[in-house]
Amino acid sequence: YPDVWNTPSEREAHLFETEESCCEAWDCYPEPPRWYPHFNSYDEATETMECIYDSSYPDVWDTPSLREAHLFETEENCCDTWNCHTETVAPSDEGRWLSNEEGTDCVFMTLPPGMLDADWVFETRDGCCAVSTCPDIVTTTSTEATTTQVSSTTTTQVSSTTTTKATTTQESPPRWYPHFDSYDETTETMECIYDDLYPDVWNTPSEREAHLFETEESCCEAWDCYPEPPRWYPHFNS
């Protein structure tokens with residue numbers, strides 16, 4: 001080890017009697033698995049998501065400012081914070097909603113029993129449309145009046161015509177948001193990127209302000225895009 005580490009001011013921080021005490025100070029071990037929210041499982045229809053357990057969470061979540069809100073020792077604690085699915089509804093029949101082949105709408109089909117629990121079929125049209133492209137159905141009613149003259153008696157007939165218009169549901173608008181996969185442990189920074197591929201849960205009232213931004217500057221102010229400026233520091237190898 002460098003000689004400077006064996007001086008009174010540096011010895012306690014750098015030299016240890018056991019491997020355990022050294023690793024406690026200098027993080028020898030890989031990130032432990034934790035329970036954390038799985039944003040890609042967010043269901044707009046129920047406004048819930050799943051919590052999963054592994055060590056594949058973004059590195060930035062294991063920093064002091066984000067750890068408490070995103071990483072948990074138990075599934076229960078994670079679900080208390082992130083609103084997991086808590087109720088399981090048993091299938092009532094053999095019909096399910098699923099996206100059509102063109103991906104333009106959801107359709108109702110009778111399926112074999114073995115397919116009723118597939119993750120791409122839904123018990124309601126709203127549940128299917130929450131994760132698929134569906135047209136919004138807007139119904140307008142117009143009334144037409146016609147007058148018929150019969151032997152000096154006027155009779156008015158009223159007919160009602162109903163017109164159904166379909167408009168395609170708009171996708172989430174593009175925004176600036178933090179790109180967790182770009183997090184750099186060395187500089188403790190990440191990039192902000194601009195598109196509409198962010199998790200749907202970020203576009204909900206409780207998460208929007210913290211994750212979606214109108215400008216790159218406001219995103220970077222919240223999520224530390226820029227590395228720390230260079231500084232003078234001791235070069236141990238010298």
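Predicted model: local features only at pLDDT ≥ 70, side-chain atom pairs only at ≥ 80, totals over all residues.
**The largest core**

Start by selecting Phe-39, Val-60, Trp-61, Phe-180, Trp-202 and Trp-223. Among the 31 residues of the largest nonpolar core, these touch the most other members. Then colour the elements that each supply at least two residues of this core: strands E1 (34–43), E2 (48–54), E7 (175–184) and E8 (189–195), with helices H4 (75–82) and H7 (216–223). A second, separate core has five residues, including Cys-106, Phe-122, Cys-128 and Cys-129.

Go back to Trp-202 and show what surrounds it. Beyond its neighbours within four places in sequence, Trp-202 is in contact with Phe-39, Tyr-177, Pro-178, Phe-180, Glu-207, Arg-208, His-211 and Leu-212. Of these, Phe-39 and Phe-180 were in the opening selection.

**Helix H4**

Next, select Cys-78, Cys-79 and Trp-82, the buried residues of H4. Look down the axis of H4: its buried residues fall within an arc of 95 degrees, so they line one face of the helix. Glu-76 and Asp-80 are exposed, on the face of H4 turned away from the buried side.

Which elements cover the buried residues of H4? The cover includes strands E1 and E2, helix H3 (64–70) and helix H6 (205–211).

**Disulfides**

- Select Cys-51 and Cys-78, joined with an S to S distance of 2.0 Å. This pair links distant parts of the chain, with Cys-51 in strand E2 and Cys-78 in helix H4, 27 residues apart. Both Cys-51 and Cys-78 are buried. The torsion about their S-S bond is about -80 degrees, so the disulfide is left-handed.
- Select Cys-79 and Cys-84, joined by a disulfide with S to S 2.0 Å. Cys-79 and Cys-84 are both buried. Here the S-S torsion is about -80 degrees, so this disulfide is left-handed.
- Select Cys-106 and Cys-128, whose sulfur atoms are 2.0 Å apart in a disulfide. Cys-106 is in strand E4 (residues 106–110) and Cys-128 in helix H5 (residues 125–129), so the pair ties together parts 22 residues apart in sequence. Both Cys-106 and Cys-128 are buried, and both belong to the second core. Their S-S torsion is about -80 degrees, so this disulfide is left-handed.

**Last stop**

Finish at Cys-22, which is partly exposed, with a relative accessible area of 26%.

Terms used
Residues numbered from 1 in each chain as written. Heavy atoms only, no water. Core = buried A, V, L, I, M, F, W, Y, C linked by side-chain atoms within 4.5 Å. Buried < 20%, exposed > 50% of the residue type's maximum accessible area, 1.4 Å probe, protein only. Helix = DSSP H or I, 4+ residues; strand = E, 2+ residues; numbered from the N terminus. Contact = heavy atoms within 4.5 Å. Arc of directions from axis to C-beta. Disulfide = S-S within 2.5 Å.
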